[in-house]
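Thanks for coming. I will go through one model today, starting with its layout and then moving to its two ligands. Please have the structure open.

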Amino acid sequence: MQSVNQELKIYNSISGVKETFNTVTKDHVGMYVCGPTVYSNVHLGNLRTFTSFDVIYRYLNHIGYKVRYVRNITDVGHLENDEDVGEDRIIKKARIENLEPMEVVQKYTYDFHETVRRFNLLPPNIEPTATGHITDQIRLIEKIIDEGMAYVVNGSVYFDVFEYSKSNNYGILSKRNLEDLIHNTRSLDGQSDKKNPQDFALWKKAETKHIMKWNSPWSEGFPGWHIECTAMSNKYLGDIFDIHGGGIDLKFPHHECEIAQSNVCFGTNAANYWVHANMLTLNGQKMSKSTDNNILPEEIFSKGSPLLSKTFSESCVKFFMLQAHYRSVLDLSNEALVAAEKGYNKLIDAINILESFKDFSNKSDFDIKEWVNNCYKAMNDDFNTPILIANIFDAVKFINKVNQEKGNISKEDWEVLLRSINSFVFDVMGLQKLKLRNNENSKINNVIDVLLELRNDARKNKNYELSDKIRDMLKNKGISINDSDKDSSFTID
Ligand code: AMP
Ligand code: ZN
């Protein structure tokens, strides 16, 4: 392993502290991440969570672990509002779009795969679907009933949270207390089958017109949302595995329920490290599929959005995300993306310059060994990409100095620096090497920005002849200027 002399620490949501990472099986990691519910296009918020786990996966591979990464596709059972009542999200979409539910699943699974590929996220090793594991889920539900922790009412099966709490800690993850839950849970219509409103569905009897349903010992119906992840993670990773991940919004109830199910079925919390990625917000509010507060990847990469002055490349957006730690909330704004683009281009320019170095000195005036060490230190401290990026920018500063003949580098150090910077930027963070295309684009954008600034100066000085001339000349070249009260931006036709 490349960072043998340093321990990897991971923040565990169960203990609330960073813990030394010890795996169940030496040199192997089992990692399960809750995947998308495929009822609509993935938005940038979803992409942030999957990017966070992509970097974790890449880094674990990089330091020599053999990782089995399982990320599911939820194609049944996820009801509206994450509750046990309401319509299945996929069936609702099928009704609205006049499609078969499986057409909805196919359409949005395809969209998801296209988007993550475009964003250069590595595919998981196994990508199981909930509908492909109905019998595994039924088997687990039978076991939970046998253990006396679930009950059957009118063809539906519910997990008995009260019974479970007598000998287990329901709330171990979310730190919610059952007493508080009882006070705070509304009693919703349609939940009257449950002994207590805190109980959650393991199996739901389907109404006659419900399309997605399967035979079971209790009724023709469909599984609850939480049992699918317990069934699939257990099937491919075993009774206890290393990392279970997902967005922080899944901590409760989804992950708390998974832990309860796993304790009854296997006597474990499923995973030793529960890892949660924080939310991407827009205008300070969580980006979400079910509200209109979101930006789709397509809008940001190619189509444009009224919220943005221009489009941004995939790597620039990813760089923007990785400048924040995965456990911090991150707010998306045009300003932040513009700043990230500048930073990213500066980084790629420096790597290009570094590659072209031909003149070397006997010794360097930069401690490369320590620098490499610091990069590992950042990643070993709960995958701290913002610190890693800050370190990388120390190297960028040094590269630019050498380029301006204000610094020295030896051939040996050059080789180490080039290899390390490439592996951290492209292999670990998964930024893309589309250097030339992005670079050329960004250079053109920079030139246009200069012209816009000159035109703004002309407008401020009331030299409208010049400002109109610049606008018209750009228009002739297919570049339109959009003026607003505050700023000008441009679009390339
Ligand atoms: P869903 O398809 O809604 O089940 O979400 C798929 C994944 O994206 C889950 O791990 C969610 O926690 C995560 N997610 C949803 N919204 C956001 C957001 N605004 N920011 C970051 N992650 C999110
Ligand atoms: Zn899940």
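Into which domains is the chain divided? There are three entries: domain 1 (9–277), domain 2 (304–428) and domain 3 (438–492), with bounds that come from an automatic or database domain assignment. Taken over C-alpha atoms, the centres of domain 1 and domain 3 are separated by 50 Å.

Some conventions before the details. This is a predicted model, in which local features need pLDDT of at least 70 and side-chain atom pairs count only at pLDDT 80 or more, while totals for chains, interfaces and linings use all residues. Residues are numbered from 1 along each chain as its sequence is written, chains are lettered from A and ligands numbered from 1 in the order in which they are written, and side-chain values use heavy atoms, with hydrogens and water left out.

Now the zinc ion, ligand 2. Cys34 (SG), Cys229 (SG) and His254 (NE2) coordinate the zinc ion at 2.1 to 2.2 Å. Donors here are N, O and S atoms within 2.8 Å of the metal (3.2 Å for Na, K and Ca), and water is not among the atoms, so sites may look incomplete. The spacing of the donor residues in sequence is C-x194-C-x24-H. Cys34 sits in the loop between strand S3 (28–33) and helix H1 (44–62), and Cys229 in helix H7 (residues 225–237), so the pair ties together parts that are 195 residues apart in sequence. Helices (H or I, at least four residues) and strands (E, at least two) are DSSP runs, numbered from the N terminus.

Are these two cysteines buried or exposed? Cys34 is buried at 6% relative accessibility, and Cys229 is buried at 1%. Buried means under 20% relative accessible area, exposed over 50%, partly exposed in between (1.4 Å probe, protein chains only).

Next, ligand 1. It is surrounded by 19 residues, the closest being Thr49, Asp249, Leu280, Met287 and Lys289; the criterion is a heavy atom within 4 Å. H1 gives the most to this shell, with four residues. A backbone N or O atom of Met287 lies 2.7 Å from a nitrogen atom of ligand 1. For oxygen atoms of ligand 1, the corresponding backbone distances are 2.9 Å from Thr37 and 3.0 Å from Gly247. Alone, ligand 1 exposes 490 Å², and the protein buries 95% of that (Shrake-Rupley method, 1.4 Å probe).

Last, helix H8 (residues 251–266): 13 of its 16 residues are buried, so H8 is largely enclosed by the rest of the structure. Just after H8, Gly267 has a positive phi of about 70 degrees.

Conventions: A polar contact is a pair of N or O atoms within 3.5 Å; within protein, one must be able to donate a hydrogen and the other to accept it, and residues adjacent in sequence count only if both atoms are side-chain atoms.
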